[in-house]
Amino acid sequence: MTSPTTPAGPLEQARPNGVVRALTDGWVVAKRNLIKIKRVPEVLVFVLISPIMFVLLFAFVFGGAIDPGGEVAYREFLIAGIFAQTVVFGATFTGAGLAEDMQKGIIDRFRSLPMSPAAVLVGRTTSDVVYNVLSLIIMALTGLAVGWRIREGVVDAILGFGLLLLFAYAVSWVMAWVGLMVPSVEVINNASFIVIMPLTFVSNAFVPLESFSGFLRTLVEWNPVSALTQASRELFGNIDPSIPAPEAWPQQNAELYTLIWVAIILAVFVPLSVRQYRLSAGKA
Amino acid sequence: MTDMIRATGLVKRYKDVEALAGLDLDVPEGKVLALLGPNGAGKTTAVRVLTTLLKPDAGSAVVAGVDVLADPDGVRSRIGLSGQYAAVDEHLTGFENLEMVGRLYGMSRTAARARARELLERFALSDAGDRPSKTYSGGMRRRLDLAGALVAAPPVLVLDEPTTGLDPRSRVQMWDVIRELVSSGATLLLTTQYLEEADRLADDILVIDHGRAIARGTADELKAQTGGERVEVVLAHPADRDRVQRLLAEVATGEIGLAENGRELTAAVDGGVGALRRLLEGVERERIEVLDVGLRRPTLDDVFLTLTGHATEDATGASTPADAPTPEVTR
């Protein structure tokens, strides 16, 4: 038996600081979250069924009523929008997962360990990327089944998926911050609904930009979700050549505009969330 | 001998309640100190401050030679904390829980795995080690949690109410485990609501109330202050009260307590069994009908009553039954 007073080797080693530690500790926490998916696969079933439902609902219910004009069919126009909406909604999982973690005893264990204060957040946001990867795969397959096609090269398509995941990752830090502030998991679902519904619906995700006018149109043009959708359509080759290119700068530079938003969101919400984590965990 | 834990003048306020009101405490190396007090006395707050989970409003603390406020990470790598609510992940197996903790201490994967197996073995969890901890009993979860606190073999251990909520058998098992730790030389700070637990595990007991220390000593010293064992009588007829009170006065060493229902009388006595026999002889001689007569060791309530002059009651003044072993007190 080892005596508890035996000086443990690892403790005497200097631990790497800052970002390296946040990433290595974050990965340990991410693995813990992924094990949960393995143990409670039921959660995954619903995560994967809802995107299928979305694709089919929009394709068949609105498909006949909404006409983006030109040669590209609505279904083809639609899929990138559904991709964008679903991965952005995926951020809700981050908020809910953290809100749940904060109520559990395991947080006390984490807080009493010499680990990075960002690790729980890095771990949660990282493991939630897996949800989004899986739902993108499922949605892409469903999309292909109802007539969506990738018309640019494979590299562009991969970039398209990459951009969707990157933006979703940034938004998950926003919901992480919200998740740390709400008193219970139930609140998160409502909170994210209020934020994400308008964000995704006041965009070109489901209807063409041209159908908006006045102030609302400006809003749609500058909405980062519109840029994300536009960029995805470009990278997947779902842009109708017969429709004139949009005039607004964010729409003309959709990839760049999306990346700028990713940088801004991360720069604001990573420090904000880490600070909130320290505060929330010390409250009890 | 150096102090492994030393706290001076800790203050922590929550709105209008002072959870800690200038608490001082010290634990010499290799010793066990029990913080004894009712719910809301400030035990858990003290533990949270000493383990860096909470910043005090005033005061200072040094744990294993490291200042809690100046270098919390340094403290965290030298302590092991096991809390009131088992801090384990229910979806992870026992092995995965311990491996994760080891990795978060900065151990290599190989070292963390070896340590996890070793601890599972030591806490009699080997057989259950590869099952999700959700399937564990309460006692097993607590043992796993305690194992988590020991992963990095820290020189200082802090156990917050390690047996609260456990059934009697698990409690005794837990005591055995803790005694074994102590015998191997760890410095231990332990909080408890049970005088018996403090008695069995600690070298020294610090009684706290309303966030400050009110007495310190060994279990024997504290019990001597509270007047040793108690005789308790439950009357069948409240009308017999005066007669029994007179009989009790012959054997009592202090005041005679009367419960609110007017049927239960309690008194500290010297030489327990002899006093009980004399009382019983009197009761029989006078043909008084009693429901229950017994001898019991002083409870936390008795210690409190003697030390503070008030029962373990909350700020609103609601008194608790004299025989309640774990009075509910709100902070």
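**Entry 1: the interface**

I began where the two chains meet: 39 residues of chain B are in contact with 28 residues of chain A. This is a predicted model, so I read every value below as computed. I then asked which elements of chain B supply two or more residues to the side touching chain A. I found four of them: α2 (72-76), α3 (94-104), α4 (109-122) and α5 (138-150) of chain B. The largest share of that side comes from α3(B), with 5 residues. I also sorted the chain B side by residue type and got 23 nonpolar, 8 polar and 8 charged.

**Entry 2: confidence**

For chain B I noted a mean pLDDT of 84, with 92% of its residues at 70 or more. Which element of chain B has the highest mean pLDDT? I found α3(B) at 96. The lowest mean among the elements of chain B, 73, belongs to helix α11 (residues 300-308) of chain B. I marked residues 313-331 of chain B separately, as pLDDT stays under 50 there. For this stretch the model has 32 contacts beyond four places in sequence.

**Entry 3: the two chains overall**

I counted elements next. Chain A has 13 helices and 0 strands. I wrote chain B down as 11 helices and 14 strands.

Of the 284 residues of chain A, 45% count as buried. In chain B, buried residues make up 48% of 331.

I also looked at contacts between residues at least 6 apart in sequence. In chain A, 85% of these join residues at least 24 apart. I took the box of chain B along the principal axes: its C-alpha atoms fill roughly 75 × 45 × 35 Å.

**Entry 4: the six-stranded sheet of chain B**

I traced an open sheet of 6 strands in chain B, in the order β6-β7-β8-β3-β9-β10. Its pairing is mixed. Which strands form its edges? I found β6 (79-82) and β10 (212-217) of chain B, each pairing on one side only. From one strand to the next, the twist averages 20°.

Strand β9 (residues 204-209) of chain B and β10(B) pair in the antiparallel sense over 5 bridges. I picked out one partner in β10(B): Gly217(B) bridges to Ile205(B).

I then looked for a helix against this sheet and noted α5(B), which packs on it. This helix touches β6 and β7 (156-160) of chain B. Its direction makes about 165° with that of β6(B). I had already listed α5(B) among the elements on the side that touches chain A.

**Entry 5: strand β13 of chain B**

I moved on to strand β13 (residues 264-269) of chain B. Is it mostly covered or exposed? I found 5 of its 6 residues buried, so I wrote down "mostly covered".

I looked up its partners. Strand β11 (residues 230-235) of chain B pairs with β13(B) in the antiparallel sense over 5 bridges. Strand β12 (residues 252-258) of chain B also runs antiparallel to β13(B), and 4 bridges join these two.

I then checked Ala267(B) in β13(B). It is the bridge partner of Val231(B), and Ile256(B) has Ala267(B) as its bridge partner too.

I inspected the hairpin of β12(B) and β13(B), which has 5 residues between the strands. There Gly262(B) takes a positive phi near 75°.

**Entry 6: helix α11 of chain A**

I tested its length first. At 1.5 Å a residue, its 13 residues should span 18 Å, and the end C-alpha atoms are 18 Å apart, which agrees.

Why do I call this helix largely enclosed by the rest of the structure? Because 12 of the 13 residues of α11(A) are buried. I listed the buried ones, among them Pro224(A), Val225(A), Leu228(A), Arg233(A), Leu235(A) and Phe236(A).

I looked at what comes after the helix. Gly237(A) follows α11(A), and its phi is positive, near 75°.

Notes
Residues numbered from 1 in each chain as written. Chains lettered and ligands numbered in written order. Predicted model: local features only at pLDDT ≥ 70, side-chain atom pairs only at ≥ 80, totals over all residues. Contact = placed C-beta atoms within 7 Å. Nonpolar A, V, L, I, M, F, W, Y, C, P; charged D, E, K, R; others polar. Pairing = 2+ DSSP bridges. Axes fitted to C-alpha atoms, helices over the stretch in contact; angles between N-to-C directions. Expected span 1.5 Å × (residues − 1). Buried ≥ 20, exposed ≤ 12 C-beta atoms within 10 Å, placed from the backbone. pLDDT = per-residue confidence, 0-100.
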